[in-house]
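Here's a quick tour for anyone meeting this structure for the first time. Have a look at the sequence and the model, then read on.

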Amino acid sequence: METYQSPIQALTCTQAVAYAKLADLRNLEAVKDRLPQDKVKDMTCDVDSCSVTVDPVGKITLRIVERQPEHTIKFGADNAPINFNLWVHLEAVTETTAQLKVILEADIPFMVKAMIGSKVDGFVQQFAEMTATMLNTSI
């Protein structure tokens, strides 16, 4: 199992507000138009899951598999090219601000790691930045 971690991202909202937004994946519908339409299509979300079609992989579903209220949300994926879990950790900094960190653990075969390891690391960093941006704007 390989582990990838994002840098800590500052949030301009409370830990409770950030958790409430992330714990209901229907909130992702608000950022649908910001996704690259040439690579990501057919986004549908409900409370616990969000499905997208990604070229050339196909349909992938990100699903919440565990919640620790106001602290951690754990995601798993269906139909992903590699088996992985992704955690979003939230922590209060002040009464009005928080921070987040994204951690991804993936089953990447040793021979494939050299080819995709940097892309997975880049994905984790982009996911953290995109999530922080979404939480720092009103959705």
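## The parts list

Two helices and eight strands make up the protein. Keep in mind that this is a predicted model. Starting from the N terminus, the order goes β-β-α-β-β-β-β-β-β-α.

## Overall shape

How does the radius of gyration fit with a compact globule? A compact globule of 139 residues would come in near 14 Å, and the protein has 15 Å, so the two agree. Along its principal axes, the C-alpha trace covers about 45 × 30 × 25 Å.

Of the 139 residues, 37% are buried.

## The nonpolar core

The largest nonpolar core has 36 residues, and L11, V88 and L100 are the ones touching the most other members. Elements that put in two or more residues are α1 (15-22), β3 (40-45), β4 (49-54), β6 (72-78), β7 (84-92), β8 (98-106) and α2 (110-136). The top contributor is α2, with seven residues.

L100 is worth a click. Setting aside neighbours within four places in sequence, its contacts are P7, I8, Q9, L11, V88, H89, L90, A128, T131, A132 and L135. Two names on that list, L11 and V88, are also among the residues touching the most other core members.

## The helix with a kink

Now for α2. This helix has 27 residues and reaches 37 Å from first C-alpha to last, close to the 39 Å expected at 1.5 Å a residue. Where is the kink in α2 centred? Look at I116: the kink there is about 60°.

The buried residues of α2 are G117, V120, V124, F127, A128, T131, A132, M134 and L135.

## The cysteines

How many disulfides does the structure hold? The count is zero. C13, for one, is in no disulfide, and the nearest cysteine sulfur, on C45, sits 19 Å away.

Are C13 and C50 buried or exposed? C13 has 8% relative accessibility, so C13 counts as buried. C50 also counts as buried, because its relative accessibility is 8%.

Technical notes
Residues numbered from 1 in each chain as written. Predicted model: local features only at pLDDT ≥ 70, side-chain atom pairs only at ≥ 80, totals over all residues. Heavy atoms only, no water. Core = buried A, V, L, I, M, F, W, Y, C linked by side-chain atoms within 4.5 Å. Buried < 20%, exposed > 50% of the residue type's maximum accessible area, 1.4 Å probe, protein only. Helix = DSSP H or I, 4+ residues; strand = E, 2+ residues; numbered from the N terminus. Contact = heavy atoms within 4.5 Å. Expected span 1.5 Å × (residues − 1). Bend = angle between axes of the 7 residues up to and from the residue. Disulfide = S-S within 2.5 Å. Rg over C-alpha atoms; globule rule 2.2 N^0.38 Å.
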